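The entries follow the order in which I looked.

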Amino acid sequence: MRYVEEFRDPKAAKGVLAAIARVACEIGATREEPVRIMEICGGHTHAIFRYGLDKLVHEGIEFIHGPGCPVCVLPMSRVDECVEIAERPGVIFTTFGDAMRVPGSRKSLMQAKADGCDIRMVYSPLDALELARRNPDREVVFFGLGFETTTPSTALTIQQAARERIGNFTVFCNHITVPPPIKALLDDPHMKLDGFVGPGHVSMVIGIHPYDFIARDYGKPIVVAGFEPLDLLQSVLMVLEQIRDGRAEVENQYARVVPEHGNPVSLAAIAEVYEERPSFEWRGLGEIDASGLRIREAYRAYDAEAKFGIGYAVVRAKVDEPEGCACGAVMTGRIKPTACPQFGRGCTPDMPLGALMVSSEGACAAYWTYGGARVASETEPAE
Ligand code: SF4
């Protein structure tokens, strides 16, 4: 049994930082020509800033913050559809708390609740199912949101609802998958990425092999990582060593938690309840093929899109981002959050303009929480 202190040991961290500096020098990384490593997961972005790893690593390492925060990549159109469902008479709309303040084009769920909609925060889809049992005369909708980490719990809840034949419970499914947006970023000719730190929680469910294409087809190293500072530093070192040695492989730094082939129970539940959508819209990235999941025909009675005739069940209009919002550029690593003209001015955690400032895993919220407020007050906005 390993304890968390081992992964926060300053002496061990100094040793890994020295090794990172040595390998970074061997491959010629400099501040002007950095090695660009994308941490895909928002939890990693948060940990990097929480522990100041971006300041501690060799100056030739640049962290690029990826699209791995499900709240951040939720497009405005989907928030609008949540509000539209919540406004229907008789509906109890349930959601995780971090989605409440994501701006829609008309209003957020928080504002809709203030306007009188019955919107309730829950900690699990099972809480929503319990609400449906207790309120048989109401229609209870659960906002299913997240990557492969949260998808199984929604699938298992739908299976439970079907077993009990509960007729007043549906899921507004916004579950998405990690590999397709990575492929989209790698196919973007403007993106220059040298390697990846892979998501730990998602990989607990799917294993490490869904990332094989990154090494095989694009020649880039990826190391699945844990969330403690030494996990991340060791993963960065493993990526650098692959680059130095001319290797491109999928490695698993987080083997104490991530099984090579994932979690078979979770994977079976996902496969039974969901199927791939032809495409799904991502904030800042647009429509990405096969990147979202929808509820299979066998469970269609639990699909809020079908029941309410909304979302991909009908022809959808694209909703533009608010003017001045640079979420797309931040999410694809083109600019840092502090380069957004709205950072700390038109967009703060109290009054977020973009989703990256809402979620604790969003890159803008991480910058703000760990020093960005000071940076914003000291710098002129970018043009
Ligand atoms: S500061 Fe706000 S508007 Fe700018 S990129 Fe971040 S979340 Fe989007």
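I began with helix α6 (residues 125–134) and helix α7 (residues 151–164), which pack at an angle of about 25° with their axes 9 Å apart. Axes are lines fitted to C-alpha atoms, for helices over the stretch in contact, with angles from 0 to 180 degrees between N-to-C directions; helices are DSSP runs of H or I, at least four residues, numbered from the N terminus. I therefore noted α6 and α7 as roughly parallel (angles under 35 degrees).

The model is predicted, and local features need pLDDT of at least 70, side-chain atom pairs count only at pLDDT 80 or more, and totals for chains, interfaces and linings use all residues. Residues are numbered from 1 along each chain as its sequence is written.

I listed the residues that make this contact: P125, L126 and L129 of α6 with S153, T154, T157, Q160 and A161 of α7 (C-beta atoms, placed from the backbone, within 7 Å). They divide into 4 nonpolar, 4 polar and no charged. Ala, Val, Leu, Ile, Met, Phe, Trp, Tyr, Cys and Pro count as nonpolar, Asp, Glu, Lys and Arg as charged, and the others, Gly among them, as polar.

I next examined α7 against helix α12 (residues 264–273), where the axes come within 9 Å and cross at roughly 60°. To this contact α12 brings S266, A269, I270 and V273. By class I found 7 nonpolar, 3 polar and no charged residues there.

Finally, I turned to the ligand: of the 14 residues around it, C327, C340, C347, G354 and C364 come nearest (C-beta atom, placed from the backbone, within 6 Å). I recorded 12 nonpolar, 2 polar and no charged residues in this shell.

Key:
Helix = DSSP H or I, 4+ residues; strand = E, 2+ residues; numbered from the N terminus. Parallel < 35°, antiparallel > 145°, perpendicular 65-115°, else oblique. Contact = placed C-beta atoms within 7 Å.
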